[in-house]
Amino acid sequence: MSKCKFKRVMLKLSGEALAGTNGFGIDFNVAQRIAMEIKELVEMGVEVGAVVGGGNIWRGRDGSDMDRTTADYMGMLATCINALALQDSLEGLGVMTRVQTAIEMKEVAEPFIRRRAMRHLEKGRVVIFAAGTGNPYFSTDTTAALRAAEIEAEVILLAKKVDGVYDKDPHKYSDAKKYDSLSYIQVLEQGLQVMDSTATSLCMDNNIPILVFALDEPGNIKRAIMGEEIGTMVCK
C-alpha cells in the first residue's frame with residue numbers, strides 16, 4: 001500500500017464505456033478488461049467504490065416529449081443493468097462485489113446503506129452504486145460525487161473517452177488545449193465538460209479531487225492510483 005497514492009477511491013465509468021465500439025449495449029470483453037484493472041487495485045489493497053452510467057442503454061428523452069421524471073427513472077434502471085454486468089465480470093475473476101441500489105430491488109441487489117457499504121469496502125469488496133441517487137433530475141456524475149462523500153473516498157477517478165480536460169472538443173478541434181490541472185471554480189466558470197455543475201459543486205464543498213483520464217488506454221486506472229501524472233486533476 002505504500003506505493004499507492006490513494007487508499008479508497010470512487011471510480012466513475014460512463015455507460016458508453018461498457019458499450020465499446022458497438023455504441024450500444026454491453027461489450028463483455030470491455031467489461032472484462034475493466035474488471036481486470038479493478039482486480040489489480042483490490043489486490044494492491046485499494047478500496048474501490050464504483051458508479052456506472054446508463055447511456056449505453058438509455059439516453060433520456062432524446063428530443064422526445066417524454067416526461068422528464070419517467071425518463072430519469074428509466075435511466076436509473078439502465079445503470080442497474082450495467083452494475084450487474086460489471087459485478088458478474090468482477091466475480092468471474094474472483095473479486096467479491098456488492099451492488100447497492102438507491103431504489104429497492106432486494107431480489108437482485110442490496111439497498112444503499114452507508115455503514116454497510118463502508119464495511120464491504122473495509123473487507124476488500126468492490127461496491128457498485130446503482131440507480132443514481134434514487135431521485136430524478138440528478139445525474140450519475142452527481143451520484144458519484146454524493147457516494148464519494150458518503151464513503152469518504154479520497155478521489156473520484158473519472159474515466160472518459162478523452163485523456164483529460166480540454167478547453168474545447170479535441171475530436172473536433174486540432175488546436176484544443178489540454179489542462180494538467182484545474183480548480184473547481186475554473187471548471188464551473190468556464191463551463192468545462194468535466195462533471196455537471198451539481199457534481200462539481202458537491203466535490204468542491206467536500207474537497208474531493210477529481211482525476212479525469214482516458215479509460216481506453218489499458219493500465220490507466222492503476223497509473224492513477226500510483227500517482228502518475230496522467231489526465232487532468234481538478235481540485236482546490
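Guide: Let us begin with Arg59, which counts as exposed because its relative accessibility is 56% (buried means under 20% relative accessible area, exposed over 50%, partly exposed in between, with a 1.4 Å probe and protein chains only). Before we go further, please note that this is a predicted model, where local features need pLDDT of at least 70, side-chain atom pairs count only at pLDDT 80 or more, and totals for chains, interfaces and linings use all residues. Residues are numbered from 1 along each chain as its sequence is written, and side-chain values use heavy atoms, with hydrogens and water left out.

Arg59 sits in the loop that runs between strand E2 (47–52) and helix H3 (68–92); helices (H or I, at least four residues) and strands (E, at least two) are DSSP runs, numbered from the N terminus. The side chain of Arg59 makes a polar contact of 2.3 Å with that of Glu16. Such a contact is a pair of N or O atoms within 3.5 Å; within protein, one must be able to donate a hydrogen and the other to accept it, and residues adjacent in sequence count only if both atoms are side-chain atoms.

Tyr166 belongs to strand E7 (residues 165–166) and is buried, because its relative accessible area is 19%. Leaving aside residues up to four places away in sequence, Tyr166 touches Ala176, Lys177, Lys178, Tyr179 and Leu192, where contact means heavy atoms within 4.5 Å. The side chains of Tyr166 and Asp163 are joined by a polar contact of 2.6 Å.

Both residues come from a UniProt record, an unreviewed entry, which places the feature "binding site" at Lys12, Leu13, Ser14, Gly15, Gly55, Arg59, Tyr166 and Asp169. These residues are spread over 158 residues of sequence, and also in space, up to 23.8 Å between C-alpha atoms. The lining of the largest pocket includes Lys12, Leu13, Ser14, Gly15, Gly55, Arg59, Tyr166 and Asp169. On a 1 Å grid over the protein atoms alone, a pocket is an open set of points where a 1.4 Å probe fits, with protein on both sides within 12 Å along at least five of seven lines; lining residues have an atom within 4 Å of a point.

As for the setting, the protein has 8 helices and 11 strands, and buried residues make up 50% of its 236 residues.

Technical notes: UniProt positions are given in the numbering used here, feature names are shortened, and annotations may be inferred rather than shown by experiment.
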